[in-house]
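Q: I've just opened this structure and would like to learn how to read it. Could you walk me through a few features?

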Amino acid sequence: MHDQNYQAGAHTSVVDPLDKGLGALETPCPPEAIAAHGWNLLREDLSLPTAVLSQSRLAHNLAWMQRFASEYGAKLAPHGKTTMAPRLFAQQLAAGAWGITLATAHQTRAAYAHGVRRVLMANQLIGRRNIAIIAELLADPSFEFFCLVDAPDQVEQLAAHFSAAGRSIQVLIELGADGGRTGVRHEAQWHALLDALAQARHVVKLAGVEVYEGVLKDETAIRALLKRAVAALHELAVAGRIERSPAVLSGAGSAWYDVVAEEFAKADIGAPLDVVLRPGCYLTHDVGAYRTAQAQIETRNPVAHNMRASLLPALQVWAYVQSLPEPGRAIVALGKRDAAFDAGMPLPAAHFRPGQSAPSPAPKHWEVTGMMDQHAYMTIADGDDIRIGDMIAFDISHPCLTFDKWRQIAVVDDAYNLVDVVQTFF
C-alpha cells in the first residue's frame, strides 16, 4: 500500500470454514490464499446462499469516485460503516483515499487493527470505555483521529479523560439543522461550545467543521447548511482557533456528495484546507435508493455527467430455487438473514441452471414479494423455464444492511472464479 495512512499486515485474519458463504473450505486459510482453490460460483463450488462482490465493478467504482473527488480538489474518507471490511478499506486507501470514516469506537479499533491510520469518526465520542479505546489507540503517534463535538459537556468529558491520560484529541465542530440529528443549531450553543473548547485548548484540539447534510431533503436547505459551515470555519480560522493545519471541512453522504463538493470547493478560509467527502455506498452501489440518487447527481452535476460510465452495482446475493409449490410462485432459499429488505426487496437479476454455459438475465416479471428468515417468495409466470436447483442472482438495495449479514463475502472475476474473500467486522 502506498498510502501513509495504511499499515500493511497489522492484523492477520483467516477465512473461517464455519461462517456461511463458502462452504467448501475444510480448514481456515488466509483470504489471499483462497484463489488457489480454483473455485467457481457457477460450478457450485460455494454453498448458497452466498453474497458475491464483482472484482471488476469494485475497481471501476473506486476509480470513478476518486476521480470525481479529485476534479473538485477534495479528499475522500469513505464511510467504512457501509462495509466494515478492512480489505476494502485497504483498496480505498491504495486508490488515494485520505482516510476512512467510521461511526463508533469499536469500528475504529477494528479498522486500526487492520492497518488504517487515519479515521474520521463522524459521531460524538461518548462514554468512559469508548473514550478509553480511542485514547489507547492514540498512544500510537502514527494514528490520526477526529471525532465530532456539539456540546460543552462533551468537550469537558473529553478534556478530563485525555488530560488525565496525558494525551490530546482532535475534534470537528458539528453543525446541525432543526429537526435533524446531532449538531449545533443556534448561536447560543455555538458560543457555549467555543468557550468550552477554549478552556480545553491543546487537549481537545479544534481541527475544523463538519456537517451531515443527509438529514435534509431539499437542495436549497442543504446548500444553506453547507454555506453556514464554510462561514463558520472561516470565522474560526480568522480568530486563530484552529489547531490543525490544514484545517478540515467535511460533509457528504452518498446522496448529495456532488452538492457538498460544489459548495466546499469554493471555500476560502484564508488558511490551508482539507475538504473531505465521506460517501460510503459508492463502492458497491445498489439498484435501489442509491441508484436513484446517483442518477439525480449525474443529471444536476456537470462533472458526474461528463465522466465515463456511472457507478455500477457490485454486490449480489445468489441463492437456489428451493420449491415450486404452486402456479405463479417460486420459493427461493434467500431470507432476511441474507439480504437487506428495509429499502426494497432484492431484485432478481440473473438466472443460471447448473451445467449451462453462462447466466441469462432474469425475466422482468420475476419479483420478490416477501421474505422470511430463510425464504423469499418470488412471483413467476406459467410457462417460465425455472426448476428446483436453479441459481438466481439478486441485486440489492441498501448495501449497508446486506454487508452486516455476512462475515465473509466472495469476490469473483467476470468468469465467476473466486479470487478473494472480503471479511467484515461489525
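This is a predicted model: local features need pLDDT of at least 70, side-chain atom pairs count only at pLDDT 80 or more; totals for chains, interfaces and linings use all residues.

Q: Let's start with cysteines. How many disulfides does a search of the whole structure find?

A: The general idea: a disulfide is a covalent bond between the sulfur atoms of two cysteines. Here the cut-off is a pair of cysteine sulfur atoms within 2.5 Å. By that rule, searching the whole structure gives 0 disulfides. Take C400: the nearest cysteine sulfur belongs to C281 and is 3.8 Å away, and C400 is in no disulfide.

Q: Is C400 buried or exposed?

A: You read that from relative accessible area: under 20% is buried, over 50% exposed, and in between partly exposed (1.4 Å probe, protein chains only). C400 has 11%, so it is buried. C29 is buried too, with 10%.

Q: Where does T284 lie?

A: Elements come from DSSP runs numbered from the N terminus: helices are H or I with at least four residues, strands E with at least two. T284 sits in the loop between β9 (273-277) and α9 (289-300). With a relative accessible area of 1%, T284 is buried.

Q: Which residues is T284 in contact with?

A: Contact means heavy atoms within 4.5 Å. Setting aside neighbours within four places in sequence, T284 touches L53, L58, N61, L312, P313, A314, L315, P399 and F403.

Q: How do I describe the way α8 and α9 cross?

A: Two packed helices are described by the angle between their axes and the distance between the axes. The axes are lines fitted to C-alpha atoms, for helices over the stretch in contact, with angles from 0 to 180 degrees between N-to-C directions. For α8 (residues 257-265) and α9, the axes come within 9 Å and cross at roughly 40°. That makes α8 oblique to α9, since under 35 degrees is roughly parallel, over 145 roughly antiparallel, 65 to 115 roughly perpendicular, and the rest oblique. Y257, D258 and V259 of α8 meet Q294, I297 and R300 of α9.

Q: How many salt bridges does the structure hold?

A: A salt bridge is a side-chain nitrogen of Lys or Arg within 4 Å of a carboxyl oxygen of Asp or Glu. The structure has 20 of them. One of them joins D420 and R87, at 3.0 Å from N to O. This pair links distant parts of the chain, with D420 in strand β18 (residues 418-423) and R87 in helix α2 (residues 86-94), 333 residues apart. D420 is buried at 14%, whereas R87 is partly exposed at 28%.

Q: Which residue forms a salt bridge with E263?

A: That's R223, with the closest N and O atoms 2.8 Å apart. E263 is in helix α8 and R223 in helix α7 (residues 219-238), 40 residues apart. Both E263 and R223 are buried.

Q: Which residues are linked with them in a network of salt bridges?

A: The network takes in E219, R223, K227, E262, E263 and K266.

How values were computed: Residues are numbered from 1 along each chain as its sequence is written. Side-chain values use heavy atoms; hydrogens and water are left out.
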